[in-house]
Amino acid sequence: MVMAEALAAPDPIGRTLSPGELVTTMSHFHRAEILRMTGWRDRLDRTSNWAITVVAAMLSVSLSTASAHHGVLLFAMLLVLLLLWIEARRYRFFDVYRARVRQFERHYFAQIFSPQPDFASDWLLVVGESLRTPKFLISQRAALARRLRRNYIHMLLILLLAWILKLSTPSLLTEGVRIDFVSSVREAVVGAALGPIPGVVIVVLVAAFYAGLLVTAFLTAGDDGELSFGDVHV
């Protein structure tokens, strides 16, 4: 009978903690969330480093000799896109833990240093629900847009400029040709051929690819959540 009553009406653990125990629990929890956030942040940096390495290696291979096909740079674009997709997925996990840490910083520690009356008094409920049912706070597309704006748009533009330089400089396509630029755009487009695929098709596909990147990066809905507070963003 006693056991049945205990199971039927359990006492919430959080409400029985003394103020000192609550402070200790929150401090340890905040430290744990910092470590989890840092771990995912390290994974983000690792993926970005892989992308930078890919760009540097492919540029070195493609522009160092005329025997290197311009398709190497197209392949590099696809590799960087794959790394961007992986990083966006990792960013979604990072964003969950970063949001919890920011809840503590804005609603707990900031209230200690600079108190404001009735400032988001239900923030612990938000953190508790996040612990019970963890959910992503942003979509894959929003994560792609953020990482694209922060890092990857620059790397992809460098690859695009290198590809244009490769096609517009005959000495980078054929051995023994003097260093000069193509005499017409048509000549550069013809040089963009990839096996049986005509150059004009490759140029259209690359143009559509970069147009899609620009749309994703700059026409996605604006940042919200913790990114709407302050200027220090990730």
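In helix α8 of this predicted model, the buried residues are Gly 199, Ile 202, Val 206, Tyr 210, Leu 213 and Ala 217. Viewed down the axis of α8, these buried residues fall within an arc of 65°, so they line one face of the helix. An α-helix has 3.6 residues a turn, so residues three or four places apart point the same way.

Helix α8 has 20 residues. From its first C-alpha to its last, α8 reaches 29 Å, close to the 28 Å expected at 1.5 Å a residue. What do the buried residues of α8 pack against? They pack against α4, α6 (140-168) and α7 (185-191).

The face of α8 turned away from the buried side carries Val 204 and Leu 205, which are exposed. Val 204 and Leu 205 also belong to a nonpolar surface patch of about 410 Å². Val 201 lies in α8, which covers residues 199-218. Is Val 201 buried or partly exposed? With a relative accessible area of 36%, Val 201 is partly exposed, because buried means under 20% and exposed means over 50%.

**The chain as a whole**

The chain has eight helices and zero strands. Along the sequence, the pattern reads α-α-α-α-α-α-α-α. The chain has 234 residues, and 35% of them count as buried. Among the contacts in the chain with a separation of 6 or more, 77% come from residues 24 or more positions apart. The chain exposes about 14300 Å², and carbon and sulfur atoms supply 67% of that area.

**Salt bridges**

Side chains of opposite charge can pair when their charged atoms come close. The count of salt bridges in this model comes to nine. The table gives some of them.

| Pair | Closest N and O atoms |
|---|---|
| Arg 147 and Glu 87 | 2.8 Å |
| Asp 95 and Arg 146 | 3.8 Å |

Arg 147 forms a salt bridge with Glu 87. Arg 147 lies in helix α6 and Glu 87 in helix α4, so the pair ties together parts that are 60 residues apart in sequence. Both residues of this pair, Arg 147 and Glu 87, are buried.

The partners in the second bridge sit in two helices, Asp 95 in α4 and Arg 146 in α6, so the pair ties together parts that are 51 residues apart in sequence. Both Asp 95 and Arg 146 are buried. Elsewhere, salt bridges that share partners join Glu 33, Arg 36 and Arg 100 into one network.

How far apart are Arg 98 and Asp 95 in helix α4? Being three residues apart, Arg 98 and Asp 95 are separated by about one helical turn. Arg 98 and Asp 95 are both buried.

Helix α4, which holds Asp 95, covers residues 71-113. The relative accessibility of Asp 95 is 6%, so Asp 95 counts as buried. Which residues does Asp 95 contact, leaving aside its neighbours within four places in sequence? Asp 95 is in contact with Leu 137, Ile 138 and Arg 146.

**Two further buried positions**

Ala 51 lies in helix α3, which covers residues 19-64. With 0% relative accessibility, Ala 51 counts as buried. Apart from its neighbours within four places in sequence, Ala 51 is in contact with Val 80, Leu 83, Tyr 152 and Met 155. The C-alpha atoms of Ala 51 and Leu 156 are separated by 9.8 Å, and the two residues are 105 residues apart along the chain.

Leu 167 lies in helix α6. At 6% relative accessibility, Leu 167 counts as buried. Leu 167 and Ala 192 are 25 residues apart along the chain, and their C-alpha atoms are separated by 6.5 Å.

How values were computed:
Residues numbered from 1 in each chain as written. Predicted model: local features only at pLDDT ≥ 70, side-chain atom pairs only at ≥ 80, totals over all residues. Heavy atoms only, no water. Patch = residues over 30% accessible without salt bridge, like charges linked within 9 Å, V, L, I, M, F, W, Y side chains within 5 Å. Areas by Shrake-Rupley, 256 points an atom, 1.4 Å probe, with all protein chains shown as cover. Salt bridge = Lys/Arg side-chain N within 4 Å of Asp/Glu carboxyl O. Helix = DSSP H or I, 4+ residues; strand = E, 2+ residues; numbered from the N terminus. Buried < 20%, exposed > 50% of the residue type's maximum accessible area, 1.4 Å probe, protein only. Contact = heavy atoms within 4.5 Å. Expected span 1.5 Å × (residues − 1). Arc of directions from axis to C-beta.
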